[in-house]
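Here is a friendly briefing to read alongside the sequence and the 3D view. Keep both open and look for each feature as you go.

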Amino acid sequence: MERHDMLLSPAGVQALRTALDRAGFTSNGIAGRLGPAATGGIARNDFRAALRATADRDPLATLIRVFICGQTESEAVVAAALAPLPIADALAGGIVERHGDGLRAGVDLEPYGDDWWVLADLPASARPGRPLHAEHVLGIGGATQTLIGATMRRPVATALDLGTGSGIQALHLATHARRVTATDISERALRFAATTAALNNQDWELLRGDLVAPVAGRRFDLVVSNPPFVVGPGTTTHVYRDSGRVGDTIGAELAAAAPGLLTEGGTMQYLANWVHVAGEDWGERVAGWFTGTGCDAWVIQREVADPMAYVNLWLTDVGETADPQRMAAWLDWFDAHKVEAIGFGIVSLRRSGHADPVVRVEDLRQRVEPPMGDRIAAWFDRQDFLRVRDTDALLAERYRAAEGLQLRQEATMGDDGWAVDRQTLAMPHGLRWTEEIDPLVLAQLALLAAAHDVPPQELAEAAGPIVAHLVERGIIEPVTT
Ligand SMILES: C[S@@+](CC[C@H](N)C(=O)[O-])C[C@H]1O[C@@H](n2cnc3c(N)ncnc32)[C@H](O)[C@@H]1O
């Protein structure tokens, strides 16, 4: 089995754990010490109240000041807070670093969940002017949390995290998978992941290599990945962001790998970016990734950015905003490839084993009621319901409206009273779909239903796809008796 070094020796990690535990440096411990106002301030990068509440410099106060508020503290105080971890070991492992005549955080040591800690590099914003390491290990960012929220948390035997970085996805997987494997191309990242695992008393199989190469020939019940999905000319400066693949090919590569990586019925979920090319349907382009995979696929586009905003975002992320040449080269590449926009979203796949897998690529930019993972799991359940019913069977079921379903109408006053121009079904919960219902289609269906001489087959043909669509979106639900 591959062994990966950690930032500290095994005994050092346990000593760090003892220090953090003893001090109560957990999310709840910190919230309890600081109270809601100071905790809320921290979330907005306003540390004033937190600093006032930690003036005592007892161990918990010191850890909050150093690892949350970014302060430099005296060596004696930091050593006391980290004991029994020798301060020389903390310095050698990069947990803290010298700054002026004191010590400050060398890594992002983040209390997370109820009683976990995640180790990562400090973000570019924490050390302005200091270039990010090429193998920068990402902390808990927005994309990280999107994947955490979107993951279907059903019990599985085996789970794989591709591109584990700090190990945060693996931490979550261990709550519902019996065995967790995590890979990364970066030895540095694996050092952080191994430390995160040990610090949380977890045991994962850690493997180094390019995407699925380290697990070739093996299958998993659940695969998750927050890969380096950033789209561009294929230049790699930072491995957490750049895959070295040109354009959006990493998304297609992961889709193509799914059938060889998943057990029957297994699921794979990953974040991806895709380009919107002038004159091309972005949805068809992304749907093409799943051709021949035999997997059901649901792709939801959560955000769309124009090239300028996109390049700015990712240059800021690595603290490289002042590099006009890099920006120009990136934008030129987008121009040359007629890229008008870049979409960001979540890909969920299931190896269904059916000859006619369902592939749906759609915009879902509304705010969704969490947990997203449960919504995605329910979507696959609904596909199972639809798959085994032909139109007659579908129409023979009884349905009820989704909880709280609303019908919103726009109407214009005319000579004969109100005439409905537009009506929309709106789900106030769950995926919060709004669905425009064409008044004409509904009227025609009503007419067909009312006219006794209309063959039932004609009615079924008209109603079947509408019912199937409303079921798929969860707007109507089968009533099970
Ligand atoms: C966006 S970070 C995600 C980190 C973490 N899983 C998360 O969700 O926050 C992408 C990770 O993929 C790793 N990576 C980059 N290219 C890779 C490749 N070709 N194969 C495997 N891992 C790769 C990077 O080192 C980095 O740790």
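A residue is near a molecule or strand if one of its heavy atoms lies within 4 Å of it. With that rule, 19 residues surround the ligand, and the closest are Thr144, Gly163, Asp184, Asp210 and Leu211. This is a predicted model, in which local features need pLDDT of at least 70 and side-chain atom pairs count only at pLDDT 80 or more, while totals for chains, interfaces and linings use all residues. Residues are numbered from 1 along each chain as its sequence is written, and side-chain values use heavy atoms, with hydrogens and water left out.

**Around the ligand**

- The shell around the ligand divides into eight nonpolar, eight polar and three charged residues. Here Ala, Val, Leu, Ile, Met, Phe, Trp, Tyr, Cys and Pro count as nonpolar, Asp, Glu, Lys and Arg as charged, and the others, Gly among them, as polar.
- Next come polar contacts: a polar contact is a pair of N or O atoms within 3.5 Å, and within protein one must be able to donate a hydrogen and the other to accept it, with residues adjacent in sequence counting only if both atoms are side-chain atoms.
- The side chain of Thr144 has an N or O atom 2.8 Å from an oxygen atom of the ligand.
- Gln169 also uses its side chain, where an N or O atom is 3.0 Å from an oxygen atom of the ligand.
- Thr164 takes part through its backbone, with an N or O atom 3.2 Å from a nitrogen atom of the ligand.
- Taken alone, the ligand exposes 590 Å², and the protein buries 98% of that. Such accessible areas come from the Shrake-Rupley method with a 1.4 Å probe; for residues, only the protein chains shown count as cover.

**The eight-stranded sheet**

- Helices (H or I, at least four residues) and strands (E, at least two) are DSSP runs, numbered from the N terminus. Two strands pair if DSSP finds at least two bridges between them.
- Eight strands form an open sheet with mixed pairing, in the order S7-S6-S5-S8-S9-S11-S10-S12.
- At the edges are strand S7 (205-208) and strand S12 (359-363), and each pairs on one side only.
- From one strand to the next, the twist averages 20 degrees. For angles like this, axes are lines fitted to C-alpha atoms, for helices over the stretch in contact, and angles run from 0 to 180 degrees between N-to-C directions.
- Strand S10 (residues 295-305) and strand S11 (residues 339-351) run antiparallel and are joined by ten bridges.
- Which residue in S11 is the bridge partner of Gln301? The partner is Gly345. Gln301 also has a bridge partner in S12, namely Asp363.
- Trp298 has Ser348 as its bridge partner in S11.
- S10 and S12 run parallel, with five bridges between them.

**Helices on this sheet**

- Helix H14 (residues 372-387) lies across S9, S10, S11 and S12, and runs at about 65 degrees to S11.

**The three-stranded sheet**

- Three strands form an open sheet with antiparallel pairing, in the order S14-S15-S16.
- Strand S14 (406-414) and strand S16 (434-437) are the edge strands, and each pairs on one side only.
- Neighbouring strands of this sheet are turned by 30 degrees against each other on average, direction ignored.
- Nine bridges join S14 to strand S15 (residues 417-426), and the two run antiparallel. Gly414 has Gly417 as its bridge partner in S15.

**Backbone details in loops**

- The peptide bond from Ala83 to Pro84 is cis, with omega near 20 degrees. Pro84 lies in the loop between helix H5 (75-82) and helix H6 (87-92).
- Pro370 and Pro371 are also joined by a cis peptide bond, with omega about 0 degrees. Look for Pro371 in the loop between S12 and H14.
- Asn45 is not a glycine, although it has a positive phi of about 60 degrees. Asn45 sits in the loop between helix H2 (27-43) and helix H3 (48-53).

Notes
Contact means heavy atoms within 4.5 Å.
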